Amino acid sequence: QSSWFRLQWPAAGTDTGTAAKVLVSVVVAAVLWGPLWAGRHICFHSDNEDVVSVIQRRHAKDHLLNDLLRCLFFYASIFNFHLSTSHIPGIQNTVTDAISRDNLGVLSSLLPQAT
């Protein structure tokens, strides 16, 4: 609950859609912390409504999003956790916003226990 990570996108990935970038982060979180989530219900909060929608439906029209969903649910089954998602309006998603803007000062004030 006090750990976070940030991904640096290569220049070649700048044309990747926002939903895919957000979903990659969710998959990476499942890989990193999935073993700690065994037997738990994990709710991912996102300000990206497309990501919330595809996770809830467990299907996307976009091939990349579908591949990422398969990875996500694969790790959920491997590490035995149940997942859901909910939408948080961007204005209220201050921690994620601080991370995405590389504003570590704001992050440390919002989450002083973060590692």
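Helix axes are lines fitted to C-alpha atoms over the stretch in contact, and the angles between N-to-C directions run from 0 to 180 degrees. Helices (H or I, at least four residues) and strands (E, at least two) are DSSP runs, numbered from the N terminus.

This is a predicted model, in which local features need pLDDT of at least 70 and side-chain atom pairs count only at pLDDT 80 or more, while totals for chains, interfaces and linings use all residues. Residues are numbered from 1 along each chain as its sequence is written, and side-chain values use heavy atoms, with hydrogens and water left out.

**Helix α1 and its two partners**

Helix α1 covers residues 18–33 and helix α2 residues 49–57; they pack at an angle of about 60 degrees, with axes 9 Å apart. The two helices are therefore oblique to each other. Angles under 35 degrees count as roughly parallel, over 145 as roughly antiparallel, 65 to 115 as roughly perpendicular, and the rest as oblique. The crossing of α1 past α2 is right-handed; a crossing has this hand if the near helix is turned clockwise from the far one by less than a right angle, and is left-handed if anticlockwise. On the α1 side the contact is made by A19, V22, L23 and V26, and on the α2 side by D50, V51, V54 and I55. Contact means heavy atoms within 4.5 Å. By class, these residues are seven nonpolar, no polar and one charged. Ala, Val, Leu, Ile, Met, Phe, Trp, Tyr, Cys and Pro count as nonpolar, Asp, Glu, Lys and Arg as charged, and the others, Gly among them, as polar.

Helix α3 spans residues 63–79, and its axis comes within 9 Å of that of α1, crossing at roughly 15 degrees. That makes α1 roughly parallel to α3. Here α1 passes α3 in a left-handed crossing. From α1, the residues A19, A20, L23, V24, V26, V27, A30 and V31 meet L64, L65, L68, L69, C71, L72, Y75 and F79 of α3. The residues of this contact divide into 16 nonpolar, no polar and no charged.

**Single residues**

The table lists relative accessible areas, where buried means under 20%, exposed over 50% and partly exposed in between (1.4 Å probe, protein chains only).

| Residue | Relative accessible area | Class |
|---|---|---|
| N66 | 13% | buried |
| C43 | 30% | partly exposed |
| C71 | 33% | partly exposed |
| R58 | 42% | partly exposed |
| F74 | 45% | partly exposed |
| N80 | 53% | exposed |

N66 lies in helix α3. Leaving aside neighbours within four places in sequence, N66 is in contact with H59 and A60.

F74 also belongs to helix α3. Between F74 and R58 there are 12 Å in space, C-alpha to C-alpha, and the two are 16 residues apart in sequence. R58 sits in the loop between α2 and α3. The phi angle of R58 is near 60 degrees, a positive value in a residue other than glycine.

N80 is in the loop between α3 and β2 (82–87). Its phi is near 60 degrees, again positive in a residue other than glycine.

**Cysteines**

A disulfide is a covalent bond between the sulfur atoms of two cysteines. By the cut-off used here, a pair of cysteine sulfur atoms within 2.5 Å, a search of the whole structure finds zero disulfides.
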